[in-house]
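Subject: Structure handover

Dear colleague,

Here is the structure you are taking over. My notes on what was found follow it.

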Amino acid sequence: MPRTPPRSAAVPHQQLGFDGMPERLFVCTPSKLGSYADCPRRYRYTYIDRPSPQKGPPWAHNSLGASVHTALKNWYALPVDRRGTAPVASLLKSTWVREGYRDVDQERIAYRKALGWLDTYVAGLDPQEEPLGVERVVATKTAVLAFNGRADRIDARDGEAVIVDYKTGRTGLDADDARGSQALALYAYAAQRVFRRPCHKVELHHLPTGTVSTHEHTEESLNRQLARAEATARDIIAAEKSLAAGADPDDEFPTNPGSLCAWCDFRKSCPAGAEVQAKEPWAAIEHLERTT
């Protein structure tokens, strides 16, 4: 007997207009596209099933990253004459997210590490330079997408916009990471249209190592990344239409088993993920304790 989709499966992108009307644009962010590319099942759990399956506990590395990002955002909100290393400790303390850590001792180590990263990073910034945007939303439309995303920082350099993305993970980054990032390319594509100036350079600023990984896009490479995003969107739209027509949700949104399963918020709800040993919420920051 064929399975029917659960009542909870909402299909937000189904076109309900008359024949011949243009398809509704697919509203997306980089994380939404990335979720489907990583695992269609995770995409379904996140964006379609209602109620969504219960997530696992918060991740310490997400808390650490969010704390650092918000502190930098608030640093740029200070008057120019106060932008220095002195306010960093209070900024980080006021934005600190405490979820996911194993215990208080581990949290304190993470806090001290983050404070050191910020002190070093801020000391290298010119307080007089005003970015075009900090935590700035950029948006644009194509024939397929209604894209929007929040860039960590957008600098103005030599008449061009430059996309800056902060990273706090364990692994160092290189130019290939900057070149291959679809999110950065989409930010650059949208920023050109929002600010009406060229935007080809994208940068990953890895605070733990103080390194900057840079890639200079061309219009051709930006368009290739855009085409990839549109192809993903078309796949999602097709799967959602099939789901609305009565297709099996598990067939239309299959799992993509792999190393990411151990880090998935929905591991316990997914048959494939449940077979993988879960990572502890603090696993990604344990290395900080070994470098104190």
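Through how many residues does a hairpin join E2 to E3? The hairpin between E2 and E3 runs through three residues. Strand E2 covers residues 133-141 and strand E3 residues 145-157; the two run antiparallel and are joined by eight bridges. Within this pair, Val137 stands opposite Arg150 in E3. Strands (E, at least two residues) and helices (H or I, at least four) are DSSP runs numbered from the N terminus, and two strands pair if DSSP finds at least two bridges between them.

This is a predicted model, in which local features need pLDDT of at least 70 and side-chain atom pairs count only at pLDDT 80 or more, while totals for chains, interfaces and linings use all residues. Residues are numbered from 1 along each chain as its sequence is written, and side-chain values use heavy atoms, with hydrogens and water left out.

Helix packing. Helix H3 (residues 60-76) packs against helix H5 (residues 104-123) at an angle of about 35 degrees, and their axes are 11 Å apart. Axes here are lines fitted to C-alpha atoms, for helices over the stretch in contact, with angles from 0 to 180 degrees between N-to-C directions. The crossing of H3 and H5 is right-handed (near helix turned clockwise from the far one by less than a right angle). On the H3 side the residues are Leu64, Val68, Ala71, Leu72 and Trp75, which meet Ala110, Ala114, Trp117, Leu118, Tyr121 and Val122 in H5. Contact means heavy atoms within 4.5 Å. By class, this contact of H3 with H5 has eleven nonpolar residues, no polar and no charged ones (Ala, Val, Leu, Ile, Met, Phe, Trp, Tyr, Cys and Pro count as nonpolar; Asp, Glu, Lys and Arg as charged; the others, Gly among them, as polar).

Two alanines. Ala188 is found in helix H7 (residues 182-195) and is buried, with a relative accessible area of 0%. Leaving aside neighbours within four places in sequence, Ala188 is in contact with Ile163, Cys199, Val202 and Leu222. Ala37, in helix H1 (residues 30-38), is exposed, with a relative accessible area of 53%. Buried means under 20% relative accessible area, exposed over 50%, and partly exposed in between (1.4 Å probe, protein chains only).

Regards
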